[in-house]
Amino acid sequence: MPEMKKIQNYIDGELCAPQSGNYLDNYCPATGKVYSEVPDSDQNDVKVAVNAAKKAFPQWSTCGIETRSRILYKIADLIEDNLDRLALAESEDNGKPVKLATNVDIPRASSNFRFFASAIVNQSTEAHITEGQAVNYTHRHPIGIVGCISPWNLPLYLFTWKIAPALATGNCVIAKPSELTPMTAYLLSELCIEAGLPKGVLNIIHGLGAKVGEAIVSHNDISAISFTGGTATGKRIASIAAPMFKKLSLELGGKNPNIVFADCDFEKALSTSVQSSFANQGEICLCGSRIYVEERIYEKFRDAFVDKVDKLKVGDPKEEESNLGALVSKGHLEKVEGYVNLAIEEGGKLLTGGKRVQLDGDNANGYFFRPTVFEGLDSSCRTNQEEIFGPVVTLIPFTSVESVVEEANGTAYGLSATLWTENITKAHQVAAKLKSGIVWINCWLFRDLRTPFGGMKQSGVGREGGSEALKFFTEAQNVCVKI
Ligand code: NDP
């Protein structure tokens, strides 16, 4: 048997084993087999990394925006140069189709670095002039050492979305990817070395959330935490970090409504709704899992939607024609199955899907699940209230703007919403009433990296993206000069 590939931590510019010498199994979701090992790091690794970051901070925070920008551009270029290798690795680790990783995940990881490399050299700062008396200007300082913790669904994409602005603004970073999908973060550490990122500026520590994640959150010298993940984890992190007066950015779960009015462009609404339901196996926090369809077109939409969903191919993520790959883990597959059973118990009518897909050959033990559609469930049931984070959606008819807005807003979450109508006045009016951090009108997942990104209610605290991220990762200082 060839030796299993061992992922390494990236601390003080070196690839290294965890202090404990312990590793966890890393599974390939498409085969159900262990294919690599990931460090089972703990607080000792965090301590070493924080010491390295402390040593690196004085130089990194004062080396100048041109230097930082140049290195970030170099990392962006290297990600692009390694597109195919990174996309394959992302797919093997997460289960998503290689095609999706090639077209979305990896290019976006590169864009994240490129965007913030450019943002810091194009930024201006505010000045407030108290006429005839004083000039105030805002000086934004890097915070110091910051923690970045990211989930498994868009591994490199979300990991770099945090790291890039943190580094660009002059901070040193202690970062932890999900232990379910550590591979591309590991490959990124190799690229950072190649790009000449100074030692200790970025430290990537692998391992379990409850162990190494909490060690990052609770370390006294880490002054800010940027976290993306589940709402329950976010609550736990806030309970530790808030009393320590750490700056916190929390990007959490969602249960997003997708509202289809009868006056929509039917074909566009239909095909994008299939995508917004099942892209990345439905494992995107922005997927629209509650599809509200105006009663007048409900049956027509339902039949056409189910017909399209039936044509989606669940298959080997390496195959070009696979629309959905494998779910990320056995545990997650069982969770999704549990929700399908719950939907049936709650009286839902299963229109399609609802079962595992048995592939053959190497994929015989993979975690594949059919895209699943229910109807007949009201907005208040658990299926329509709790985040499933998989390929399961419900169709719900509605009769008026007032009722659909109330139902769309009727969950604990408020991340994103999509609405479909050709009546632009109505679109603006409905958008303003939706309690969601992001509203897409006649599109979905269209992203401009300058816009604020984040959720209301239990979907999060704070915003990422553009100037919001630059502000989060800096301390604003007002300097007042008396004239
Ligand atoms: P989790 O909350 O389980 O984990 C997210 C990250 O936090 C992982 O790296 C995890 O490590 C770590 N973690 C877990 N427990 C702790 C802890 N006590 N202290 C510190 N770190 C911890 O989320 P998932 O990985 O399961 O991701 C899915 C969730 O992420 C969904 O709810 C989804 O909606 C949300 N999400 C939100 C997005 C947004 O922008 N709002 C975008 C993408 C996803 P480990 O893997 O070892 O558990």
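This is a predicted model: local features need pLDDT of at least 70, side-chain atom pairs count only at pLDDT 80 or more; totals for chains, interfaces and linings use all residues.
Helix axes here are lines fitted to C-alpha atoms over the stretch in contact, and their angles run from 0 to 180 degrees between N-to-C directions. Residues are numbered from 1 along each chain as its sequence is written, and side-chain values use heavy atoms, with hydrogens and water left out.

**Two helices side by side**

- Helices (H or I, at least four residues) and strands (E, at least two) are DSSP runs, numbered from the N terminus.
- The axes of α4 and helix α5 (residues 155–168) come within 8 Å, crossing at roughly 10°.
- The two helices α4 and α5 are therefore roughly parallel to each other (angles under 35 degrees count as roughly parallel, over 145 as roughly antiparallel, 65 to 115 as roughly perpendicular and the rest as oblique).
- Contact means heavy atoms within 4.5 Å; on the α4 side the residues making it include V104, I106, F113 and F116, and on the α5 side they include L156, Y157, W161 and L167.
- Sorted by class, this contact of α4 with α5 has 15 nonpolar, two polar and two charged residues.
- For those classes, Ala, Val, Leu, Ile, Met, Phe, Trp, Tyr, Cys and Pro count as nonpolar, Asp, Glu, Lys and Arg as charged, and the others, Gly among them, as polar.

**Salt bridges**

- Side chains of opposite charge can pair when their charged atoms come close.
- A salt bridge is a side-chain nitrogen of Lys or Arg within 4 Å of a carboxyl oxygen of Asp or Glu, and by this rule the count comes to 23.
- One of them joins K211 to D40, with the closest N and O atoms 3.1 Å apart.
- This pair links distant parts of the chain, 171 residues apart: K211 sits in helix α7 (residues 209–218), and D40 in the loop between β5 (33–39) and α1 (43–62).
- Buried means under 20% relative accessible area, exposed over 50%, and partly exposed in between (1.4 Å probe, protein chains only).
- K211 is partly exposed at 36%, whereas D40 is buried at 10%.
- R114 and E80 also meet through their side chains in a salt bridge, at 3.0 Å from N to O.
- R114 lies in helix α4 (residues 98–121) and E80 in helix α2 (residues 65–81), so the pair ties together parts that are 34 residues apart in sequence.
- Both partners are partly exposed, R114 at 25% and E80 at 47%.
- D303 pairs with R302, their closest N and O atoms being 3.1 Å apart.
- R302 is buried at 17%, while D303 is partly exposed at 46%.
- R302 and D303 are linked with K349 and E375 in a network of salt bridges.

**A buried valine**

- V373 belongs to strand β16 (residues 372–375) and is buried, at 0% relative accessibility.
- Leaving out residues up to four places away in sequence, V373 touches F278, F305, V306, V309, K349, L350, L351, T352, V393 and L395.
- From V373 to P243 is 130 residues in sequence and 43 Å in space, C-alpha to C-alpha.

**Cysteines**

- A search of the whole structure finds zero disulfides (pairs of cysteine sulfur atoms within 2.5 Å).
- C287 is in no disulfide, and the nearest cysteine sulfur, that of C285, is 8.2 Å away.
- C287 is buried at 6% relative accessibility, and C28 is buried at 6% as well.
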